[in-house]
Structures are given as C-alpha cells and as structure tokens.
Amino acid sequence: MNDDPRGGGAQPASRTLVPLMIGACAGLLSGLFGVGGGILMVPALVAVLGLDQRRAAATSLVAIMPAALVGAISYGLRGELSLSAAALLVAGSLVGTQIGVRLLHRLPTGALRWVFVGFVALVIVGQGLSAPVRAGELALDVPRCAALVGIGMVAGLLAGLVGVGGGVVVVPGLEIVLGAGDLLARGTSLAAMVPTAVSGTVGNLRRGSADLRVGLLAGAASAAASPLGTMLAAYLSPTAARWLFTAFLLVAVVSVLRRRRS
C-alpha cells in the first residue's frame, strides 16, 4: 500500500530509497555542472514515484535548495564564486521569470519547446566558437553588470516558459559572454540559485504543492553528493568539462521535448 495517497504506486520502502538515489544523482550533476538537477529529478519523480508534473517540479525545488547551497559553499571555499555577480543574476532572473510566465499563456504550446531547443542550439554553437578556460575573472564594470542582469533575465525567461533555466543558461552565459573561468561560472550559478529556490519552495509549501518528505530525502542526498561533483569538476580539464556539459544540454533538450508531449 502506498504511504502517500498523493503520490503514485511506489511501495513505502521505495519512497525512501528512490528519493535518496534520485537526489544523489541530481546532487552530483549540480556540483559538476553548476545546475540545479531538476532536469533529472523532475522526470524521475514522475516516472518512478508517480507524482504529477506540477507536484514533481515543486518537490524538485525543495531538493535543489540544499544542493545548490552546499555546492555554492564548496566552490566558494576554493574562491570560485562571485556573490556580487550572483546578486545581479538573481535581479535579472526575477524580472525574466515574470515575463516568461506571461508569455507561457500566450504562445502556442508547440512553440514553447522549440524556444528552448533553439536556445540550446545557440549555446552549443557559441561554446564551439570560444575556447574554455579555467582561469577567468569577473571584473564588474557597468557593461558586465548589465550583461549579468541580461543573462539572469534570459535564465528567468526560459524558466517561466519551459521550467528549465538556472545553470543551463547561466553557466554558458558567464563563460561565453563574460569570459569567466568554468569553475567560477559554476560556483556563481549555484549561488544565484539559492535565493530563487528558497523563494519558490516557500511559495510551493504554502500552497501544499510539494511532497515535503520526498523533497527533504532527495535534498539530503543531493547535498551530500554535491561536494563530490565539485571535486570532479576541479579534476576535469575545461575542454572535457565542456564536452560533458554539451551532452548534458542535449539530455535537457530530450527531457523538455518528452515533457511537452506528455
């Protein structure tokens, strides 16, 4: 018998073990690529635990919050994080998300997935035109501050439109547009996720739209695995890390396309 009528048909033991496994995998991705891990977590919660799409997204956000925080701290301890840049990204993201949510109800459903596919294609092409670097600073003058707000707006816009944003947008944006080193881009991306995840989680919990137990289990495992991801990121060469991130982007495209068809 399922111990949570709001979930799917998973047995009680599975509803403990499965969130831990999903969270650990998502935390590894979070630390390695500077992303939230929702690309993996949301479809896994839907397919394995039987949560509906909206509840899975809300539950995923609960788990992303501790993983992003621990990952950001891990990068920050090595000096691979800019809190000022993260704050500007958050400012832009808050505006972009509102625009994306409004467009969500105006654009045809079929067009939404292709917006994301087109964006990812541009990112992959852009990555091919620039050489990845390990040492790259984020000197904040007026043009760079404006660029950070703009990157945050694009991240928020895509988050509002297709439910994907964060590191998928911010990491390549910081590397390609601002010339940041790959580790600095990931640490800053994770730091920018924390306030957004906290705000979204509080709102979801007030509405009762998140499975708190599953989210906390996944979040604990995710936070434990995130430092391992940051360690692996430091050992990978910038070129190898970029190839892996490109593969991750392609997985993200497949996930969005399948989600929009379901």
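**Burial and overall make-up**

I began with burial: 51% of the 262 residues of the protein count as buried, where buried means under 20% relative accessible area, exposed over 50% and partly exposed in between (1.4 Å probe, protein chains only). I note that this is a predicted model, in which local features need pLDDT of at least 70, side-chain atom pairs count only at pLDDT 80 or more, and totals for chains, interfaces and linings use all residues. Residues are numbered from 1 along each chain as its sequence is written, and side-chain values use heavy atoms, with hydrogens and water left out.

I then listed the secondary structure and found 10 helices and 0 strands; helices (H or I, at least four residues) and strands (E, at least two) are DSSP runs, numbered from the N terminus. Along the sequence the pattern reads α-α-α-α-α-α-α-α-α-α. For contacts I used heavy atoms within 4.5 Å. Among the contacts with a separation of 6 or more, 82% join residues 24 or more positions apart.

**Confidence**

I looked up pLDDT, the predictor's confidence in each residue, from 0 to 100. The protein averages 82, and 89% of the residues score at least 70. Confidence is lowest in helix H5 (residues 109–129), with a mean of 75, and highest in H9, at 92. Over residues 1–9 the pLDDT is below 50, although this stretch has 23 contacts in the model beyond near neighbours in sequence. Where pLDDT is low, the predicted coordinates should not be read in detail.

**H3 against H9**

Two packed helices are described by the angle between their axes and the distance between the axes. I took axes as lines fitted to C-alpha atoms, for helices over the stretch in contact, with angles from 0 to 180 degrees between N-to-C directions. The axes of H3 (residues 53–77) and H9 (residues 212–235) come within 7 Å and cross at roughly 30°. H3 and H9 are therefore roughly parallel to each other; angles under 35 degrees count as roughly parallel, over 145 as roughly antiparallel, 65 to 115 as roughly perpendicular and the rest as oblique. The contact includes Val62, Pro66 and Val70 of H3 and Leu216, Ser222 and Pro227 of H9. By class, this contact of H3 with H9 has 13 nonpolar, 8 polar and no charged residues. In this scheme Ala, Val, Leu, Ile, Met, Phe, Trp, Tyr, Cys and Pro count as nonpolar, Asp, Glu, Lys and Arg as charged, and the others, Gly among them, as polar.

I checked Ser74, which lies in H3. Ser74 is buried, with a relative accessible area of 15%. Leaving aside neighbours within four places in sequence, Ser74 is in contact with Pro227 and Thr230.

**H2 against H3**

For H2 (residues 38–49) and H3, I found axes that come within 9 Å and cross at roughly 135°. H2 and H3 are therefore oblique to each other. On the H2 side the residues include Met41 and Leu45, which belong to a group meeting H3 residues such as Ala56 and Ile64. The contact of H2 with H3 has 8 nonpolar, 4 polar and no charged residues.

**Leu89**

I placed Leu89 in helix H4 (residues 83–104). Leu89 is buried, with a relative accessible area of 2%. Not counting residues up to four places away in sequence, Leu89 touches Leu148, Ile151, Gly152, Val170, Leu174, Thr188 and Ala192. Leu89 and Ile151 are 62 residues apart in sequence, yet 6.7 Å apart in space, C-alpha to C-alpha.
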